[in-house]
Amino acid sequence: MRKIGILGIVGVLAVFLAGCGGGDGPAIQTQFIDSSFSVDADITRDIGTGIIGAPIAASSTGSVLAGVTLDAAGAPTADTRGFLNFPLGAIPVNASIRFASVTVFLNRVTLRNTSLGSPFFLDLIDTVSFPPPIVSADYSAPFAATRSFDFLNTDQGIFVEIDVTSLMLEAQRRVLPSFEIRFGFDEATFLADLTKTRGIVEIDEGTVVPSQKPFLTVDYVI
């Protein structure tokens with residue numbers, strides 16, 4: 001497993017002890033929440049025409065795609081954004097979020113240059129303003145919070161855990177009924193940084209190997 005933006009166990013322990021006065025504070029509770037297989041989907045925009053297609057449900061493909069498709073010359077032909085939705089009914093509305101992460105298993109990572117990182121953004125979608133199911137307009141729906149990171153060629157065939165604490169804090173502040181995130185290729189970062197490359201990834205939905213389904217981890221106190 002590769003961890004993105006997550007402190008090692010020593011760092012986590014130090015932060016916890018500092019915040020709880022040496023361990024005398026309320027006990028941290030943890031919830032593991034699987035993504036909603038019936039909601040998850042991806043949406044593709046044809047770069048040549050600008051046409052945004054209909055959502056492709058994960059329930060029909062067993063996976064969610066995100067990233068840029070390239071032609072034989074390396075020119076981008078399509079941009080796909082992937083959506084994962086995690087219900088938040090198990091998280092009390094008065095919970096104080098301490099940590100959150102999303103873990104995905106990548107069936108495939110296809111990069112133009114396999115020695116470079118591929119920049120992606122991860123957006124939080126306001127599921128009150130833009131409730132499920134996923135529709136074509138969600139491709140460009142405003143985000144409530146965002147973060148950036150790189151996928152690597154070596155991420156193929158392994159779990160990748162991504163720190164989404166800042167996004168979960170915003171979801172809790174808004175009392176969102178679900179934590180819906182949008183994966184997309186970060187074209188602006190790519191154009192500004194010559195050490196990056198274009199790419200596309202395939203996120204497993206666990207239809208063949210159930211343990212490989214995406215899940216959200218939330219640590220909180222009451």
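## Close-up views of a predicted model

**Figure 1. Contacts around aspartate 42.** Leaving aside residues up to four places away in sequence, aspartate 42 touches Ala54, Pro55, Ile56, Ser63, Val64, Leu65, Thr80, Arg81 and Gly82. The model shown here and in the other views is predicted. Aspartate 42 belongs to strand 3, which spans residues 41-46. One of the touching residues, Leu65, has its backbone nitrogen 3.0 Å from a polar atom of the aspartate 42 side chain. Aspartate 42 is buried but forms no salt bridge. The nearest side chain of opposite charge is that of arginine 108, at 8.6 Å, whereas a salt bridge requires a side-chain nitrogen of Lys or Arg within 4 Å of a carboxyl oxygen.

Figure 2. Tyrosine 139 sits in the loop that runs between strand 8 and strand 9. Its relative accessibility is 4%, so tyrosine 139 counts as buried, the cut-off being under 20%. The side chains of tyrosine 139 and aspartate 79 are joined by a polar contact of 2.5 Å. These two residues are 60 residues apart along the chain, and their C-alpha atoms are separated by 10.0 Å. Not counting residues up to four places away in sequence, tyrosine 139 touches Asp79 together with Ile43, Arg45, Ile52, Arg81, Phe83 and Arg182. Arg81 is also among the residues that aspartate 42 touches.

**Figure 3. Helix 3 and the strands it packs against.** Helix 3 covers residues 165-173, and its buried residues are Thr165, Leu167, Met168, Glu170, Ala171 and Gln172. These buried residues pack against strand 7 (96-111), strand 8 (118-125) and strand 9 (145-151). They also pack against strand 10 (159-163), strand 11 (178-185) and strand 13 (215-221). After helix 3 comes valine 175, which has a positive phi, near 55°.

**Figure 4. The whole chain, as context for the close-ups.** The protein chain has four helices and 13 strands. Its radius of gyration is 18 Å, close to the 17 Å given by the globule rule for 222 residues, so the chain is as compact as a globular protein of that length. Taken along the principal axes, the C-alpha atoms fill a box of roughly 60 × 35 × 35 Å. Of the 222 residues, 47% count as buried. Among contacts with a separation of 6 or more, 81% are between residues 24 or more positions apart. The accessible surface is about 10,100 Å², and carbon and sulfur atoms contribute 60% of that surface.

Key: Residues are numbered from 1 along each chain as its sequence is written. This is a predicted model: local features need pLDDT of at least 70, side-chain atom pairs count only at pLDDT 80 or more; totals for chains, interfaces and linings use all residues. Side-chain values use heavy atoms; hydrogens and water are left out. Helices (H or I, at least four residues) and strands (E, at least two) are DSSP runs, numbered from the N terminus. Buried means under 20% relative accessible area, exposed over 50%, partly exposed in between (1.4 Å probe, protein chains only). Lys and Arg count as positive and Asp and Glu as negative; His and the chain ends are not counted. A polar contact is a pair of N or O atoms within 3.5 Å; within protein, one must be able to donate a hydrogen and the other to accept it, and residues adjacent in sequence count only if both atoms are side-chain atoms. Contact means heavy atoms within 4.5 Å. The radius of gyration is taken over C-alpha atoms; the globule rule is 2.2 Å times the number of residues to the power 0.38. Accessible areas come from the Shrake-Rupley method with a 1.4 Å probe; for residues, only the protein chains shown count as cover.
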